[in-house]
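I opened this model to look up its charged pairs, its core and its strand pairing. My notes follow in the order I made them.

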Amino acid sequence: MALNARLDHRNPLVFDTHELGRRPGAQQRMTRSVDAPKDLGIKGVVGVPEGAPLELELRLESVMEGVLVTGTARAGAEGECVRCLEPLELELEADFQEMFSYPDADERGRVIAEPDSDAEDDEDRLFLEDGLFDLEPVLRDAVVLALPMQPVCQDDCPGLCSECGARLADDPDHHHDAVDIRWAALQGLAGSLEDGEKDEMSGAESGVDEKQEK
């Protein structure tokens with residue numbers, strides 16, 4: 001990854017590593033509560049609502065090639081059950097670890113005279129910028145991995161009725177009488193015959209009554 005572009009120290013997800021210096025082995029622990037950024041999660045499925053409290057616990061460790069960041073993010077996530085489509089809430093805990101490299105050091109911590117930010121080896125690397133790093137891209141990846149791809153309101157959620165869409169958890173005895181389509185036509189024919197017989201019987205009874213009157 002290319003060098004970060006103009007990080008703003010006022011951004012709550014931007015952290016300062018100056019206290020560590022370039023002293024391998026030096027560590028710093030910190031906690032921070034921030035508002036969740038927009039679209040933090042799996043879009044359209046489940047995620048942390050924008051502006052919701054997001055608790056961060058971080059350990060920064062200075063190493064030869066940069067700063068190793070290890071941490072945990074905790075927040076409440078919201079989504080929709082994939083079976084019954086009811087809203088759901090769950091507690092999120094996402095662990096992560098990422099190396100933020102010094103821009104003038106290679107992967108072994110050796111100083112490079114003229115760092116090349118476009119080198120192929122740097123495509124997957126994150127860099128410090130003036131001692132600052134942006135945690136947001138790391139946080140987004142960690143949250144997506146920690147969230148369920150198919151969230152359910154409960155493990156045994158029965159879902160919706162495939163015929164009428166009723167929520168089966170609300171009515172465990174819900175069912176529809178199955179009708180074999182091969183017999184449906186015959187049932188209709190039988191009904192027509194019964195109606196015809198009734199009409200004939202009514203006609204015959206009317207004839208008998210007329211004769212008796214004569």
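**Salt bridges**

I began with a network: salt bridges link E57, R74 and E93. For a salt bridge I required a side-chain nitrogen of Lys or Arg within 4 Å of a carboxyl oxygen of Asp or Glu. The model is predicted, so I note the limits here: local features need pLDDT of at least 70, side-chain atom pairs count only at pLDDT 80 or more, and totals for chains, interfaces and linings use all residues. Residues are numbered from 1 along each chain as its sequence is written, and side-chain values use heavy atoms, with hydrogens and water left out.

How many salt bridges does the structure hold? I found four.

I looked up E93 and R74 next. Their side chains meet in a salt bridge at 3.2 Å, N to O. This pair links distant parts of the chain. E93 sits in strand β7 and R74 in strand β6, 19 residues apart. Strands here are DSSP runs of E with at least two residues, helices are runs of H or I with at least four, and both are numbered from the N terminus.

My cut-offs were under 20% relative accessible area for buried, over 50% for exposed, and partly exposed in between, with a 1.4 Å probe and protein chains only.

Then I checked E136 and R140. Their side chains form a salt bridge at 2.9 Å, N to O. Both residues lie in helix α1, four residues apart, which is about one turn of the helix. E136 is partly exposed at 22%. R140 is partly exposed too, at 25%.

D8 and R10 form another salt bridge, and their closest N and O atoms are 3.1 Å apart. D8 is partly exposed at 32% relative accessibility. R10 is exposed at 66%.

**Core**

Which residues touch the most other members of the largest nonpolar core? I listed L56, V69, F96, L135 and L139, out of 35 residues in that core. A nonpolar core here is a set of buried Ala, Val, Leu, Ile, Met, Phe, Trp, Tyr and Cys residues joined through side-chain atoms within 4.5 Å.

I then asked where the core residues come from. Elements that each supply at least two are β2 (27-35), β3 (40-42), β4 (46-48), β5 (53-63), β6 (66-80), β7 (87-101) and α1 (136-146). β6 gives the most, with five residues.

I followed F96 through its contacts, meaning heavy atoms within 4.5 Å. Leaving out residues up to four places away in sequence, F96 touches L58, V69, T70, G71, T72, A73, L135, V138, L139 and A142.

**Strands and the whole chain**

I counted two helices and nine strands in the chain. From the N terminus, the order is β-β-β-β-β-β-β-β-β-α-α.

I looked up β5 for its partners. Strands count as paired if DSSP finds at least two bridges between them. β5 pairs with β2 in the antiparallel sense over nine bridges, and D35 stands opposite P53 in β5. β5 and β6 also pair in the antiparallel sense, over nine bridges. There, R59 stands opposite T70 in β6. A hairpin of two residues joins β5 to β6.

For the chain as a whole, 32% of the 214 residues count as buried. Of the contacts with a separation of 6 or more, 64% are between residues 24 or more positions apart. The accessible surface comes to about 14400 Å², with 47% belonging to carbon and sulfur atoms. Accessible areas come from the Shrake-Rupley method with a 1.4 Å probe; for residues, only the protein chains shown count as cover.

Two loop residues went into my notes for phi. L85 has a positive phi of about 70 degrees although it is not a glycine. L85 lies in the loop between β6 and β7 and is partly exposed at 45%.

D130 is also not a glycine, and its phi is near 55 degrees, a positive value. D130 lies in the loop between β8 (126-127) and β9 (132-134). D130 is exposed, with a relative accessible area of 63%.
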